[in-house]
Amino acid sequence: MMSGLNYYLFLIVSIIMVLPGCGNHYEKKYTSPDGSISFEIEYEKEPLSFSVTSDGQSVVERSPLEISIDEKLLTENVKLVGLEMETFEETYERMGSHLNAVNHYNNFKLELETEDMGAFFLEVRIFDNAAAFRFILPGEEGSERIPDETTSFTIPKGSMVWYHDLHMHYESVHDKAVVSEVPVEAWMAPPVTYQLPNEAGYAAVTEANLKNYSGMAFQMEEQNKIKMRLAHHQPTSYPYELRYSEEDVKRLAQPASIEGTITTPWRVLIIGKDLNSIVNNDVVHHLNPSPDNNLFPEGFRTSWIKPGRAVWKYLDGGGDGSLETMKKFTDQAAELGFEHNILEGFWRNWTDNEIKELVAYGNERGVGTWLWKHSNTLQNEADRLAFFDHARELGIAGVKLDFFDHEAKEVIDLYQDILRETAERKLLVNFHGANKPTGESRTWPNELTREAIRGMEASKLEDRATHNTTVPFTRFLAGHAEYTPLHFGERRKNTTWAHQVASGAIMNSPLLTYAANPENILENPAVDLIKKIPSIWDETIVLPPSEIGELAVFARRSGNEWFLAIMNGTEAKKLEIPLTFLSRQNLKGLIAKDDPENDAAVIMEEGNFGPNDTLIINLNAGGGFVARFSE
């Protein structure tokens with residue numbers, strides 16, 4: 001266990017003040033520490049605008065930077081009157097695709113001035129694999145103003161874009177299109193991933209450190225532009241309209257005012273030469289503050305922060321919602337080596353003594369107990385704190401909070417209140433019916449996951465193979481997702497059992513909730529392999545020939561063990577995968593692969609493997625493959 005003092009493994013900070021030059025003329029191009037990423041602004045012509053390049057390749061073409069206050073645009077007729085530069089580097093640990101995150105950037109804080117609106121700041125932060133910016137609008141305490149942003153990102157012509165609409169909020173299926181063919185006014189939920197023309201690399205646009213503000217999405221404009229739209233402009237999602245009143249819908253459609261200084265979330269551009277680069281990009285987490293040492297003295301290693309796997313009685317039968325049934329689920333979780341048991345709303349029919357009995361039963365077996373709760377019961381602070389206090393008194397490990405389904409500032413404020421209040425009570429959190437993550441789990445490691453994805457609950461998703469090979473390179477770029485993978489029944493649609501096993505190793509979530517009834521997992525031939533799949537990883541390598549919507553090939557390390565997990569799209573494939581990522585020869589391999597005659601079966605094999613070996617893998621349409629290599 002690390003102490004709070006050495007939680008940050010390495011830290012260097014240097015600050016340089018760039019003073020006004022002759023005639024107050026400043027450079028317009030700002031670069032990353034290694035010089036590969038350039039962020040250029042234009043402030044002498046109308047309007048204030050920016051562009052981004054990577055190794056000379058255009059990633060965002062000239063685009064307007066637009067923010068307004070009380071419906072008056074600030075970013076026109078501006079002068080650059082001051083500039084500060086900061087260089088920063090640190091290495092810290094995080095839960096996710098890999099353990100160590102290196103946060104190294106150049107930060108440029110530009111002071112801008114308008115004749116009638118005073119001074120404000122544009123802060124630009126450039127990494128070797130990303131660029132981000134935000135506005136800071138000074139304001140007096142007690143004064144309230146309404147911000148709005150309509151900044152656009154002009155995507156290079158010929159780029160291929162993956163996006164989904166807002167009808168189901170963040171639980172929709174991605175479309176794929178050349179950017180010029182995306183319908184004008186189409187809604188696009190972040191992250192929006194795109195492949196640059198001529199296979200020049202990938203980029204994705206999203207936001208980070210969303211708090212005291214409303215969330216943003218995009219709407220397609222003409223000329224390859226996607227425009228930012230804050231929550232009050234966005235169409236209300238079907239899930240929100242279904243569960244909330246007409247008055248709620250109208251209230252959250254109003255723009256939100258902010259008191260005092262306004263600091264927008266970071267607008268983030270993830271950049272990489274290949275899929276491995278964007279999957280391993282930590283910029284969304286970098287742009288959030290480190291955790292409070294008083295609440296999390298060991299960061300995510302603080303003793304009560306317990307990532308792990310969970311059983312869940314909801315999608316795959318398993319009896320009624322009785323105490324005896326959930327004791328059985330706890331027993332099965334312990335047999336699988338899983339750390340958590342999530343109770344849906346049926347727990348509300350139980351007495352406190354019954355809940356305490358299950359909690360004690362689980363604790364004896366190393367299985368924590370979670371309770372589900374509708375977020376509409378948590379709007380009032382007194383009610384919310386009463387529930388959290390009661391959960392703590394009952395010995396509950398975590399709370400699964402559902403049905404937010406909106407990104408209005410009021411809802412974002414609720415997320416922040418919940419994260420702080422649960423952390424103070426040492427409760428873990430799983431947000432369902434949620435918006436995309438924006439790196440909150442770095443500041444609040446008690447957030448183990450959030451949904452914001454069309455997962456296994458979507459029973460009518462027919463082409464699950466294409467969806468599953470898309471989201472690792474789109475939605476998961478924003479952070480963890482509660483997909484609830486692994487189902488051996490009809491819900492798997494056009495995927496095989498081996499594909500389903502692989503989904504547990506690829507669908508990244510520090511709380512890895514399995515959809516399958518644990519009894520069905522225990523009876524599956526791949527059970528010994530499933531038991532060993534962890535919920536967090538030390539290292540991830542996305543291997544060729546991975547392709548968005550076609551194939552996901554992930555090599556992942558946990559400790560001294562490596563896993564090779566593959567999910568295939570709709571076309572059968574034959575792959576040759578070199579095992580060069582392995583550390584030494586004669587590692588024991590346990591393999592689960594497709595049965596060519598039966599999608600509802602899996603073939604298990606064993607063998608010895610090393611870095612000089614190459615696997616020949618035949619994948620069914622919608623097929624999969626998983627191998628564990630251990631000493």
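Two strands pair if DSSP finds at least two bridges between them. The legends below apply that rule to a predicted model.

**View 1. An open sheet of six strands with antiparallel pairing.** The strand order is S32-S33-S34-S39-S36-S37. Strand S32 (539-542) and strand S37 (598-609) form the edges. Each of these two strands pairs on one side only. Neighbouring strands in the sheet are turned by 15° against each other on average, direction ignored.

**View 2. The pairing of S33 with S34, and the helix on the sheet.** Strand S33 covers residues 551-558, and strand S34 covers residues 561-568. The two pair in the antiparallel sense over eight bridges. Leu-551 has Asn-568 of S34 as its bridge partner. Helix H11 (residues 497-506) packs on the sheet. H11 touches S33, S34, strand S36 (587-595), S37 and strand S39 (624-630). The direction of H11 makes about 125° with that of S34.

**View 3. Helices H5 and H6 side by side.** Helix H5 spans residues 323-336, and helix H6 spans residues 352-364. Their axes come within 10 Å and cross at roughly 15°. Angles under 35 degrees count as roughly parallel, so H5 is roughly parallel to H6. The crossing of H5 past H6 is right-handed.

**View 4. Residues at the contact of H5 with H6.** H5 contributes Leu-323, Met-326, Lys-327, Thr-330 and Asp-331. They meet Glu-354, Glu-357, Leu-358, Tyr-361 and Gly-362 in H6. By class, this contact has four nonpolar, two polar and four charged residues.

**View 5. Strand S38 and its partner S35.** Strand S35 (residues 573-578) and S38 pair in the antiparallel sense over six bridges. Lys-573 stands opposite Leu-619 in S38. Strand S38 itself runs over residues 614-619. Which residues make up its covered face? Leu-615, Ile-617 and Leu-619 do. The uncovered face carries Thr-614, Ile-616 and Asn-618.

**View 6. Two cis peptide bonds, each between prolines.** Most residues other than glycine have a negative phi, and most peptide bonds are trans. A cis bond joins Pro-190 and Pro-191, with omega about -5°. Pro-191 sits in the loop between strand S17 (187-188) and strand S18 (192-195). Another cis bond joins Pro-544 and Pro-545, with omega about 10°. Pro-545 belongs to the loop between S32 and S33.

**View 7. Asp-55, a residue with positive phi.** The phi of Asp-55 is about 50°, although this residue is not a glycine. Asp-55 is in the loop between strand S4 (49-54) and strand S5 (57-64). Is its side buried or exposed? Asp-55 is exposed, with a relative accessible area of 67%. The cut-off for exposed is over 50%.

**View 8. Ala-452, with positive phi in a buried setting.** Phi of Ala-452 is near 50°, a positive value in a residue other than glycine. Ala-452 lies in the loop between strand S30 (447-450) and helix H10 (464-468). Its relative accessibility is 1%. Buried means under 20%, so Ala-452 counts as buried.

Methods
Residues numbered from 1 in each chain as written. Predicted model: local features only at pLDDT ≥ 70, side-chain atom pairs only at ≥ 80, totals over all residues. Heavy atoms only, no water. Helix = DSSP H or I, 4+ residues; strand = E, 2+ residues; numbered from the N terminus. Axes fitted to C-alpha atoms, helices over the stretch in contact; angles between N-to-C directions. Contact = heavy atoms within 4.5 Å. Parallel < 35°, antiparallel > 145°, perpendicular 65-115°, else oblique. Left-handed = near helix turned anticlockwise from the far one by under 90°. Nonpolar A, V, L, I, M, F, W, Y, C, P; charged D, E, K, R; others polar. Buried < 20%, exposed > 50% of the residue type's maximum accessible area, 1.4 Å probe, protein only.
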